[in-house]
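Hello,

Here is the structure I promised to pass on. Please open it beside this email and follow along.

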Amino acid sequence: MTYYQIVDAHCDTVSLFDPQSNNYDFTMRNTTGHLDLPRLQEGRVKLQFFALYIKEEYSKSGALRYCLRLLDHYYETMNQCRDKLQTISSVDDLKKVMNSQKTAALLSVEGGEALEGEIAILRMLFRLGIRSLGLTWNHQNDLATGVGNGVQGEGLTPFGRQVIREMNNLGMLVDLAHINEAGFYDAISESRAPVIISHANVRALCDHPRNLSDHQLRALKNANGVVGLTFYPEFVASHEVTIGKLLDHFVHVADVAGIDHLGFGSDFDGIEQVIDGLEDVTKIAGLIDGLSGRGFNEAEIEKITSGNFLRVLNSVLPAGSV
Ligand SMILES: [Zn+2]
């Protein structure tokens, strides 16, 4: 059997890292949650994106403070498993970790509210290790508008455009999951670097505002970006969700945008329901078997499981230590 390294572009596991909580330990195998260090390794995830999700209750005030608290929980947790897991911040780091026994981690923020309207805060978050930013969650903020009220609405604000330009300068991934259509197209034309959609699916197969239209998929292809297809049943089909129906989304993106623009964005620990057979990160192997059952060859599966996201990371992240 071919050994595939896996890149997963989105999980919400940091929300479980609260030191006050005593029913979850990232360094041990847990019966709750969808992933932890032993299960990441068993599932052969080589690079896991860890999102700091800015809860809605902090969107009007306290967003940065909350973001920093999550970041502290993350680093405190990582201190306990430094020998097994490394946070990557550059192309150099990425190369080193990918060729080692360690698992790589990439820090992202989900919700531009954390910037509290200041480019200086973006730069400080970068210095603290953040390498990806989801401009919005589902609501409007001072960067753009999320899909919470549908895909229509206004695009990027002047501040949103400024943030993208500075992210390009710094070497951060622009993540367009959750953003509305106008913001999506504005961001693609503003960004000098390829963008990602860390977790979303295909609207032609599941008509949900969080999913991407074929027009968006073609724009993503032109921008040389990648979408991480997500395992959340609600974004896969309206009923009787199966791994087969999730595989349909992979086939569709490959048909519309090409094989170079899709990957995984599980949303593990951010979802209340899972697909039968895809209950946690250890089950990703079954999904990979399914891809080969759908006729993807080894080189194509290698692009889906890691190659496409690695290509974007190698072109976006800063070269060496910063
Ligand atoms: Zn999300």
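**What turned up**

Start with Ser-132. This serine counts as buried, because its relative accessibility is 1% and the cut-off for buried is under 20%. Keep in mind that the model is predicted. Ser-132 sits in strand S5, which covers residues 130–134. What does Ser-132 touch, apart from its neighbours within four places in sequence? The contacts are Leu-106, Leu-107, Ser-108, Val-109, Met-172, Leu-173, Asp-175 and Ile-196.

Next, the metal. Which residues coordinate the zinc ion? They are Glu-110 through OE, His-178 through NE2 and His-199 through NE2. The distances run from 2.1 to 2.2 Å. Along the sequence, the donor residues follow the spacing E-x67-H-x20-H. Glu-110 belongs to strand S4 (residues 103–110), and His-199 belongs to strand S7 (residues 196–200). These two are 89 residues apart, so the pair links distant parts of the chain. Both Glu-110 and His-199 are buried.

The largest nonpolar core has 92 residues. Those touching the most other members are Phe-26, Phe-50, Leu-133, Leu-135, Leu-176, Phe-250 and Phe-264. Helix H2 (residues 63–79) gives the most to this core, with eight residues. Take a look at Phe-50. Beyond its neighbours within four places in sequence, its contacts include Cys-11, Phe-17, Phe-26, Leu-40, Tyr-74 and Leu-106. There is also a second, separate core of 21 residues. Among its members are Ala-104, Ile-196, Phe-309 and Leu-313.

Then a helix pair. Helix H3 (residues 91–98) packs against helix H10 (residues 298–316) at an angle of about 145°. Their axes are 9 Å apart. From H3 come Val-91, Leu-94 and Met-98; from H10 come Leu-310, Leu-313 and Asn-314. By class, this contact has five nonpolar residues, one polar residue and no charged ones.

Last, the cysteines. A disulfide is a covalent bond between the sulfur atoms of two cysteines. How many disulfides are there here? The count is zero. Take Cys-11, which is in no disulfide. The nearest cysteine sulfur belongs to Cys-81 and is 13 Å away. Is Cys-11 buried or exposed? Cys-11 is buried, because its relative accessible area is 0%. Cys-206 is buried too, with a relative accessible area of 8%.

Best wishes

Terms used:
Residues numbered from 1 in each chain as written. Predicted model: local features only at pLDDT ≥ 70, side-chain atom pairs only at ≥ 80, totals over all residues. Heavy atoms only, no water. Core = buried A, V, L, I, M, F, W, Y, C linked by side-chain atoms within 4.5 Å. Buried < 20%, exposed > 50% of the residue type's maximum accessible area, 1.4 Å probe, protein only. Helix = DSSP H or I, 4+ residues; strand = E, 2+ residues; numbered from the N terminus. Contact = heavy atoms within 4.5 Å. Axes fitted to C-alpha atoms, helices over the stretch in contact; angles between N-to-C directions. Nonpolar A, V, L, I, M, F, W, Y, C, P; charged D, E, K, R; others polar. Disulfide = S-S within 2.5 Å. Donors = N, O, S within 2.8 Å, 3.2 Å for Na, K, Ca; no water.
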